[in-house]
Structures are given as structure tokens and as C-alpha cells.
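Please consider the following protein chain together with its sequence. The explanation begins with a pocket and then turns to the overall fold and to contacts between aromatic rings.

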Amino acid sequence: MKKLFIYYSLTGNGDKVAKRLENIGYDIVKLEVKKPLPKKFFFRVFVGGFKAGLNMKDKLLNTNISLDGYEEVVIGSPVWNGKLSCPINKLLSLYNFAQIKNLSFILYSGSGEAPKAIKKINKLYKAQVTVLKEPEKYNDELDKIKL
Ligand SMILES: Cc1cc2nc3c(=O)[nH]c(=O)nc-3n(C[C@H](O)[C@H](O)[C@H](O)COP(=O)(O)O)c2cc1C
């Protein structure tokens, strides 16, 4: 069975999840954005939080992701201002993930919580959602992934 993990990561937490999933047989696609958030922490959180709060979509550089032949797709997003990140908002607007039989989400956040993001996912899809607290720092969080 072909399985795919598509994700965004700004500061490495998503990459940690990707490594775990790659080890168990997932193909991996990391989204790249045209204009990443500012490097300085304050500006990064301010700009990203503002944009995510408005459900804005970031322009992606990967434009030809193929979902053909995948029976399972997992989408990974950092939580920005309680919501999905802007690169993932764009991804969801480009592809019809509702047609994927086995769709799930892995979110990573500072608090390990993401009620607004989960609400949005539940509105759009029938998908399992797992939220991890900073998996780069807390390795055990990866054990919450049950796929
Ligand atoms: C713009 C921005 C907004 C954030 N907002 C939240 C938030 O609302 N709640 C939270 O728990 N963590 C928040 N965080 C922390 C990230 O969700 C967390 O560090 C996540 O693991 C980052 O994933 P990454 O390293 O793959 O980019 C925010 C981080 C950024 C950059």
C-alpha cells in the first residue's frame, strides 16, 4: 500500500515527524514556500500568527504533487495562532483530499493543543487528528502517532 506524508515545517518539528514516518514506509513531500516567515522570533510569530489568524494561504514552490496511487495520505502542519499554518491552508485549497480514503493529520504545536485547527479539519474531512507537543524537543511525543 502506497502511503504519503505531506507536511510543512519551519523550525524542524515537522521534519522529526517526517523521519519517523519515512522509517515506516511513507513517501515524504515537504512543502516549500515562496516567502518564508521572518527569521527573528518576534516578527515570525507576529507575522505568521496574523496571517494564520486570517486563514491566509502561502504561495507554494511545490506545484506538482501527485496523489495518484496513494491509499493513505497524512498531512502535517505546525499550529500557528491556534490554526493550521498558511502553507497547509494553500495545500488544502489545491487538492481534493476529501476523496482520499485514509486521510489523517498530524499537528505539532508549542502547547500540544490545537482546538481551532481540529475544528476546521473536522468540518472539512473525515480524518483522524493527532496533536504533538514539540516533537523535536520531546521525542516521546512521536509515540502518539498511531497510523
Ligand atoms: C507563527 C507561529 C505561531 C504559533 N502559534 C502557536 C499557537 O497558537 N499555539 C501553540 O501551541 N504553538 C504555536 N506556535 C508554536 C509551533 O506550533 C510549534 O513550535 C511547532 O512545533 C512548530 O513546528 P515546526 O518546527 O515544524 O515549524 C507558533 C509558532 C509560530 C512560528
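Which element supplies the largest share of the lining of the largest pocket? In this predicted model, that share comes from α2, which contributes five residues. Helix α2 covers residues 41-53, and α1, β3 and β5 (102-109), like α2, each supply at least two residues of the lining.

The largest pocket has a volume of about 430 Å³. Its lining comprises 21 residues, of which Thr 11, Val 45, Pro 78, Val 79 and Trp 80 are the closest to the pocket centre.

Read along the sequence, they follow the pattern β-α-β-α-β-β-α-β-α-β. The C-alpha trace spans about 45 × 35 × 25 Å along its principal axes. For 147 residues, a compact globule would have a radius of gyration near 15 Å, and the 14 Å of this chain therefore agrees with that expectation. Buried residues account for 46% of the 147 residues.

Attention may now turn to the aromatic rings. A search of the whole structure finds six aromatic pairs. One of them joins Tyr 8 and Trp 80 in an edge-to-face arrangement, with 6.1 Å from centre to centre and 90° between the planes. This pair links distant parts of the chain: Tyr 8 lies in the loop between β1 (3-7) and α1 (13-23), whereas Trp 80 belongs to strand β3 (residues 72-80), and the two are 72 residues apart. Both Tyr 8 and Trp 80 are buried.

How are the rings of Tyr 95 and Phe 97 arranged, and why does the pair count as tilted? Their centres are 5.9 Å apart and their planes meet at 50°. The cut-off for a buried residue is under 20% relative accessible area. Tyr 95 therefore counts as buried at 17% relative accessibility, and Phe 97 likewise counts as buried at 1%.

Two further ring contacts complete the account. Phe 42, Phe 43 and Phe 46 form one aromatic cluster. Elsewhere, Lys 2 lies over the face of Tyr 70, at 4.4 Å from the ring centre.

Notes
Residues numbered from 1 in each chain as written. Predicted model: local features only at pLDDT ≥ 70, side-chain atom pairs only at ≥ 80, totals over all residues. Heavy atoms only, no water. Phe/Tyr/Trp six-rings, centres within 6.5 Å; stacked < 30°, edge-to-face > 60°. Helix = DSSP H or I, 4+ residues; strand = E, 2+ residues; numbered from the N terminus. Buried < 20%, exposed > 50% of the residue type's maximum accessible area, 1.4 Å probe, protein only. Lys NZ or Arg CZ within 6 Å of the ring centre and 35° of its normal. 1 Å grid on protein atoms, 1.4 Å probe; cavity = no way out; pocket = protein on both sides within 12 Å on 5 of 7 lines; lining within 4 Å. Points joined across faces, edges and corners; volume = space filled by probe spheres on them. Rg over C-alpha atoms; globule rule 2.2 N^0.38 Å.
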